[in-house]
Amino acid sequence: MKKIHNNLTIENLIKTEWFNQFNEEQQNEILKGLEKKLNVSIYANSKFEWRQMEAIREGLENNLDVSIYAKPEFDFTQMNEISWGLEDNVDVSIYANSDFDFLQMSQIRFGLENNLDVSIYAKPEFSFMEMEQVRLGLEDNLDVSIYAKPEFDWGQMKEIRKKLENEQNT
């Protein structure tokens with residue numbers, strides 16, 4: 001068995017009180033990280049449920065700056081969206097905010113990947129479906145300022161976007 005620290009092996013670690021504070025899924029994520037020689041201290045915290053630990057561990061495996069999302073306020077779906085943005089080299093600081101759910105984060109990430117001005121819709125008051133309508137309008141070079149307003153629901157936004165598309169194509 002390989003030594004981890006001060007003659008502590010993985011075999012001995014799993015016998016400690018510290019390790020036993022975690023449930024089986026969390027323990028498995030810690031062990032996976034130790035086996036890959038990752039700095040598990042970043043996620044070996046009882047504040048993280050196992051899927052959060054998994055998202056952080058996978059980020060570490062991919063050499064991502066997990067400090068951006070290794071925070072208990074992000075659930076694992078949000079952590080995944082942030083890590084995918086890091087992998088795609090987009091400015092995740094725009095959406096690495098727990099006020100956005102993962103669906104909103106994905107719409108912002110899609111816009112960033114397409115070099116769109118996401119500031120128009122990267123606002124927590126827009127649902128992911130509303131964000132999608134604004135993003136689609138931006139992709140088609142429409143004047144989204146006409147409908148990128150909180151008073152419109154996504155269905156109204158879609159209707160206006162379609163009308164603008166038709167006008168643009170005639």
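**Note on helix packing and the nonpolar core**

1. Helix 7 passes helix 8 in a left-handed crossing, a term used when the near helix is turned anticlockwise from the far one by less than a right angle. The model is predicted, so local features need pLDDT of at least 70 and side-chain atom pairs count only at pLDDT 80 or more, while totals for chains, interfaces and linings use all residues. Residues are numbered from 1 along each chain as its sequence is written, and side-chain values use heavy atoms, with hydrogens and water left out.

2. The axes of helix 7 (residues 128-139) and helix 8 (residues 154-168) come within 8 Å and cross at roughly 15°, these axes being lines fitted to C-alpha atoms over the stretch in contact, with angles running from 0 to 180 degrees between N-to-C directions. The helices themselves are DSSP runs (H or I, at least four residues), numbered from the N terminus. Helix 7 and helix 8 are therefore roughly parallel to each other (angles under 35 degrees).

3. In the largest nonpolar core, which has 45 residues, Ile30, Ile56, Tyr69, Tyr95 and Ile108 touch the most other members. Such a core is a set of buried Ala, Val, Leu, Ile, Met, Phe, Trp, Tyr and Cys residues joined through side-chain atoms within 4.5 Å, where buried means under 20% relative accessible area with a 1.4 Å probe, protein chains only. Helix 4 gives the largest share of this core, four residues.

4. Gly33 has its place in helix 3 and is buried, with a relative accessible area of 0%. Leaving out residues up to four places away in sequence, Gly33 touches Leu38, Val40, Tyr43 and Arg57 (contact means heavy atoms within 4.5 Å).

Terms used. Helix = DSSP H or I, 4+ residues; strand = E, 2+ residues; numbered from the N terminus. Parallel < 35°, antiparallel > 145°, perpendicular 65-115°, else oblique. Buried < 20%, exposed > 50% of the residue type's maximum accessible area, 1.4 Å probe, protein only.
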